[in-house]
Amino acid sequence: LLTAAACCGLNGPAAGWSAEPQPGIALAQIASLLKPNDVILVRVYQEEDLETKVTIDRDGWITLPLLGALQVGQKTPEQATTLIRELYAKDYLVNPRVSLSIVEHAKLRFTVMGQVQRPGTYEFPPDEPLNLLQGIAMAGGFTRMGAPSKVSLQRLRNGQLVIFPLNADQMSKDKKAHPFELMPDDIITVGERIF
């Protein structure tokens, strides 16, 4: 378990929220990778019996005719298409023309807990980045007991849980600050005000 300060060499909450690299790009990159619960359609030109519509399982695997199970999770559609083409060409078909399309994207979600009006899990808008303040607003904003200066965000990064101490109050007042972008599966917790 790391705090943002330990992980990123930051000094306390004020620095913690601006240290993420260009975040909108990261969400776009994640959105373009194949992921669990994406539904994909694989076609092989002039081989109708090989056409397959399949949901990627939670570990990133699919099953295709002749090839059996193969891992496509965390690959781009282009990388997965190349892999499937090479496997069919290796043992089964001469110069196969493979196409892969995403029929339905898996839902990207984040969670807001603590002192907000509607704690719960929310979906990212399609193909749009979302920042911390927007995420809290989707949960109805702060309760009367909510402390905007005491927000923490949990994120899994390379298999490790990282906790970012954040000050939403400071973020909302500093218009020049780069907004703290949310990522899929982030968990936001809003602390309680002490009277």
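Predicted model: local features only at pLDDT ≥ 70, side-chain atom pairs only at ≥ 80, totals over all residues.
How much of the contact total with a separation of 6 or more in the protein chain comes from residues 24 or more positions apart? The figure is 58%, where a contact means heavy atoms within 4.5 Å.

Hi everyone, and thanks for coming. Residues are numbered from 1 along each chain as its sequence is written, and side-chain values use heavy atoms, with hydrogens and water left out.

Let's begin with the overall picture. The protein chain has six helices and eleven strands; these are DSSP runs numbered from the N terminus, helices being H or I with at least four residues and strands being E with at least two. The chain is 195 residues long, and 38% of them count as buried. For us, buried means under 20% relative accessible area, exposed means over 50%, and partly exposed is in between, with a 1.4 Å probe and protein chains only.

Now to a sheet. Strands E3, E2 and E6 make an open sheet, in the order E3-E2-E6, with antiparallel pairing; two strands pair here if DSSP finds at least two bridges between them. At the edges sit E3 (52–55) and E6 (98–104), each pairing on one side only. From one strand to the next, the twist averages 25 degrees.

Let's look at one pairing. Strand E2, residues 39–44, is joined to E6 by six bridges, and valine 42 stands opposite leucine 100 in E6. Lying across E2 and E6 is helix H4, residues 77–91, which runs at about 135 degrees to E6. The axes behind that angle are lines fitted to C-alpha atoms, for helices over the stretch in contact, and angles run from 0 to 180 degrees between N-to-C directions.

Next, the nonpolar cores. By that I mean sets of buried Ala, Val, Leu, Ile, Met, Phe, Trp, Tyr and Cys residues joined through side-chain atoms within 4.5 Å. The largest one has 21 residues, and Leu132 and Ile188 have the most contacts inside it. At least two residues of this core come from each of E7, helix H5 (132–138), strand E9 (146–157), strand E10 (160–166), H6 and strand E11 (187–192). E10 gives the largest share, three residues. A second, separate core has 18 residues, including Ile56, Leu67, Tyr88 and Leu93.

On to charges. Side chains of opposite charge can pair when their charged atoms come close. How many salt bridges does the structure hold? There are five, with a salt bridge taken as a side-chain nitrogen of Lys or Arg within 4 Å of a carboxyl oxygen of Asp or Glu.

Take aspartate 38 and lysine 35, whose closest N and O atoms are 3.6 Å apart in a salt bridge. Aspartate 38 is buried, at 0% relative accessible area, and lysine 35 also counts as buried, at 9%. Then there is glutamate 51 with arginine 43, a salt bridge of 3.3 Å, N to O. Glutamate 51 is partly exposed at 41%, and arginine 43 is partly exposed at 42%. Another salt bridge, 3.1 Å from N to O, links lysine 173 and aspartate 169. These two are separated by about one helical turn because they are four residues apart in helix H6, residues 168–173. Lysine 173 counts as exposed at 61%, and aspartate 169 as partly exposed at 29%.

My last stop is the loop between strand E7 (109–114) and strand E8 (120–123), where glutamine 115 has its place. Is glutamine 115 buried or exposed? It counts as buried, because its relative accessibility is 18%. Its side chain makes a polar contact of 3.4 Å with that of glutamate 192. A polar contact is a pair of N or O atoms within 3.5 Å; within protein, one must be able to donate a hydrogen and the other to accept it, and residues adjacent in sequence count only if both atoms are side-chain atoms.

Arginine 118 lies in the loop between E7 and E8 too, and counts as partly exposed at 47%. Setting aside residues up to four places away in sequence, arginine 118 touches Ala137, Met138, Ala139 and Gly140.
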